[in-house]
Amino acid sequence: MIVELPPLPHPLTDAPETSFTLSSSYYTDPGLFELEKEKIFYRSWQYVAPCQSFAVPGDYVVVDICSQSVFVILGDDLELRAFYNVCRHRAHELLQGQGNVASAIVCPYHAWTYKKDGALRHARNTADLAGFRLEDYGLKSIQLEEFVGCVFVNLDPKAERLADTVADLETDIRSRVPFLDDLRVPMANTFGPTEIEAGWKVVVDNYVECYHCEPAHPDFASLICMDDYQMETFGLWSRQTGPQIRHKNSAYDVNPDQGYQGALFWYLWPNTTFNILPGADEMNVSAVRPRSLTRSSFEGHTLSVGNKQNTARSTYTAEVLVLEDVYLCESVQRGLKSHGYDQGRIVADKRLSGISEHALHHFHRLVYQTLQTTSHPS
Ligand code: FES
Ligand SMILES: [Fe+2]
């Protein structure tokens with residue numbers, strides 16, 4: 001693993017207006033990705049699924065956190081628990097995807113059998129094994145927390161609770177989303193995964209700025225008025241608001257009497273997003289999951305009040321908006337390898353307008369500070 005961070009030929013200053021971006025090595029150096037795993041992804045809160053995905057005992061969801069497979073499962077006592085998805089015998093993975101284990105978790109390799117609370121219940125042919133005790137081989141548990149109706153996990157046993165580190169985010173979401181507690185997981189609830197040939201930071205960079213919205217998302221910019229678009233940064237999160245919309249536009253028509261009438265996007269360090277587009281009481285919660293240094297996937301769930309999906313809206317999102325962003329990100333990832341590029345300039349204005357890149361700067365500072373320290377950014 002590298003010890004020293006790549007150089008920043010031009011500084012990432014405190015003030016966004018004078019700052020440069022992270023340099024390209026931060027996006028292309030394999031050693032840096034190893035450092036990101038250790039310092040960012042194995043220590044931060046990672047989105048898994050809405051709480052409602054766990055309705056009956058045995059319901060489980062598997063997620064991959066930078067090659068650490070983990071799962072969340074609802075116990076017979078209705079407690080949610082999270083474990084590393086690996087058998088304590090000889091390391092076969094236990095569960096795949098999402099589903100329900102009716103009675104117990106049975107390893108597909110040699111059939112060691114675990115209870116839903118992680119305890120090893122049965123291991124074949126071990127009755128006479130010297131010094132072997134079932135209780136020494138329970139699944140390794142990890143931290144779990146419910147936050148704004150969603151399940152998050154953290155591989156760091158010492159991690160501070162999410163509700164304590166970003167209490168202001170919960171307050172902010174609750175104050176702006178009156179229908180939050182009415183959101184349900186509809187059938188076909190999964191969004192993505194959208195596989196992207198670009199690293200996770202390229203995808204987050206693109207998410208936390210709307211400087212690109214007018215040139216690169218003409219339909220989006222015809223739907224959301226960019227004049228009063230706003231972007232604000234807080235400790236470990238940032239928020240974009242588009243309060244004014246045009247009901248007739250080239251993205252999809254919005255019925256003035258139906259659903260939320262604005263746009264809201266929250267970014268939560270390091271890789272979670274909460275997304276509300278106009279025209280339906282729906283919220284999408286997604287994570288940008290690193291797959292490798294230069295690949296990631298965008299995946300999550302769309303929650304809805306009632307079961308009605310606004311089809312025109314979801315078609316526009318999946319077939320236009322997301323694809324536009326994927327092409328942008330993939331081009332940038334290729335460009336970051338170019339000998340003709342090493343570091344960019346943050347384009348932020350003093351008004352902190354909707355097209356200012358101050359939330360991008362905020363993200364780069366979080367990355368830089370976290371890679372430099374051994375503790376969490378604050
Ligand atoms: S690896 Fe799971 S039972 Fe052998
Ligand atoms: Fe975009």
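Visitor: What makes two strands count as paired?

Guide: Two strands pair if DSSP finds at least two bridges between them, a strand being a DSSP run of E of at least two residues and a helix a run of H or I of at least four, both numbered from the N terminus. This is a predicted model, in which local features need pLDDT of at least 70 and side-chain atom pairs count only at pLDDT 80 or more, while totals for chains, interfaces and linings use all residues. Residues are numbered from 1 along each chain as its sequence is written, and chains are lettered from A and ligands numbered from 1 in the order in which they are written.

Visitor: How do you know that β7 and β8 pair?

Guide: The antiparallel strands β7 and β8 (residues 113-114) are joined by 2 bridges, and the definition asks for at least two, so they pair. Ile 105, for instance, has Tyr 114 of β8 as its bridge partner. The open sheet runs in the order β7-β8-β9, with antiparallel pairing. Because β7 (105-106) and β9 (120-122) each have a single partner strand, they stand at the edges.

Visitor: Why is Ser 53 called partly exposed?

Guide: Ser 53, in the loop between β2 (46-50) and β3 (59-65), has 19 C-beta neighbours inside 10 Å. With C-beta atoms placed from the backbone, a residue is buried at 20 or more others within 10 Å, exposed at 12 or fewer, and partly exposed in between, so the count of 19 makes Ser 53 partly exposed.
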